[in-house]
Amino acid sequence: LFVRWQTALGSEAPRIFFLTCSAYFFSSLLFAWMIHKRYPAFPLQLQLQVLSDIICLVMLMYASGGIKSGVGLMLLISMLAAGLVSRGRVALFHAAAATICVLFVEFYRDIGGEVATGDYVQSAMLSSGFFVTAWLAHTLAKYSQESAQLAARRGKDLINLAQVNQLVIQDLSDAVLVIDGEGAVRSANTQAENYLGSV
């Protein structure tokens, strides 16, 4: 009647898996507190959080049987998030750090004779995914930032144009009155105010 749920998570090193999960949980609470207190500065917080993700997820991957466990794929989420938020080459640094950690784990397991033939190929493909994800996320973030700056500049240009139009309208000898669809007066020049005041 009862089916036991079996998983590869922590199958090779249950103690390391439990300790890493505990450390990951408490570090998440610490980072949440740091974000709330806004200390230290954001770039340092980002570095600490991403490096914490890399170390903890690689340890979980090791405890679960290496690259074939699939835990390493969760690092792609960290690379994506860090690439969207970070500036400059930091995103590629995170990808390089994750690659070094993943390859080190597979090398360490290979010394113990636990690595299959295709594990290095999977590690190389995952590492390539780190760099591609980090680069794409950073490019998207850069494009988004440039679009926001362009929108801000155009907003300022529209405000300046509206002010110029208002000055031109004020100096007209004819009365100018702007009324919206509900009948409310939106704008009026001096001639219109004088005319309406005399009526």
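Mentor: A disulfide would need the two sulfur atoms within 2.5 Å. The model is a predicted one, and a search of the whole structure finds zero disulfides. Cys 21 is accordingly in no disulfide, its nearest cysteine sulfur being that of Cys 56. The surroundings of these two cysteines can be described next. Cys 56 has a relative accessible area of 9% and is buried, whereas Cys 21, at 31% relative accessibility, counts as partly exposed.

Both cysteines belong to the contact of two helices: Cys 21 is among the α1 residues, and Cys 56 among the α2 residues, that meet there. Helix α1 covers residues 14-37 and helix α2 residues 42-63; their axes come within 9 Å and cross at roughly 165°. An angle over 145 degrees counts as roughly antiparallel, and α1 and α2 are therefore roughly antiparallel to each other. Their crossing is left-handed. On the α1 side the contact includes Ile 16, Phe 17, Tyr 24, Phe 31, Met 34 and Ile 35. On the α2 side it includes Leu 48, Leu 57, Met 59, Leu 60, Tyr 62 and Ala 63. By class, the residues of the α1 contact with α2 are 14 nonpolar, five polar and one charged.

Thr 20, in helix α1, is also part of that contact. Thr 20 counts as buried, at 9% relative accessibility. Leaving out residues up to four places away in sequence, Thr 20 touches Cys 56, Met 59 and Leu 60.

From α2 the packing continues to another helix. The axes of α2 and helix α4, residues 90-111, come within 10 Å and cross at roughly 20°. With angles under 35 degrees counted as roughly parallel, α2 and α4 are therefore roughly parallel to each other. The crossing of α2 past α4 is right-handed. Among the α2 residues in this contact are Val 50, Leu 51, Ile 54, Val 58 and Met 61, and they face a group in α4 that includes Phe 93, His 94, Ala 97, Ala 98, Cys 101 and Val 105. The contact of α2 with α4 has 14 nonpolar, two polar and two charged residues. Tyr 62 of α2 is listed in this contact and also in the contact with α1.

Helix α4 in turn packs on helix α5, residues 119-170, at an angle of about 170° with the axes 9 Å apart. α4 and α5 are therefore roughly antiparallel to each other. Residues of α4 such as Leu 92, Ala 95, Thr 99, Leu 103 and Phe 107 take part, and those of α5 include Tyr 120, Ser 127, Phe 130, Phe 131, Trp 135 and His 138. This contact of α4 with α5 divides into 13 nonpolar, four polar and four charged residues. Ala 98 of α4 belongs to the contact with α5 and to the one with α2.

Helix α3, residues 75-85, holds Leu 76. Leu 76 counts as partly exposed, at 25% relative accessibility. Its neighbours within four places in sequence aside, Leu 76 is in contact with Leu 126, Gly 129, Phe 130 and Thr 133. Phe 130 of α5 is also in the contact with α4.

Technical notes: Residues are numbered from 1 along each chain as its sequence is written. This is a predicted model: local features need pLDDT of at least 70, side-chain atom pairs count only at pLDDT 80 or more; totals for chains, interfaces and linings use all residues. Side-chain values use heavy atoms; hydrogens and water are left out. Axes are lines fitted to C-alpha atoms, for helices over the stretch in contact, and angles run from 0 to 180 degrees between N-to-C directions. Helices (H or I, at least four residues) and strands (E, at least two) are DSSP runs, numbered from the N terminus. Angles under 35 degrees count as roughly parallel, over 145 as roughly antiparallel, 65 to 115 as roughly perpendicular and the rest as oblique. A crossing is left-handed if the near helix is turned anticlockwise from the far one by less than a right angle, and right-handed if clockwise. Contact means heavy atoms within 4.5 Å. Ala, Val, Leu, Ile, Met, Phe, Trp, Tyr, Cys and Pro count as nonpolar, Asp, Glu, Lys and Arg as charged, and the others, Gly among them, as polar. Buried means under 20% relative accessible area, exposed over 50%, partly exposed in between (1.4 Å probe, protein chains only).
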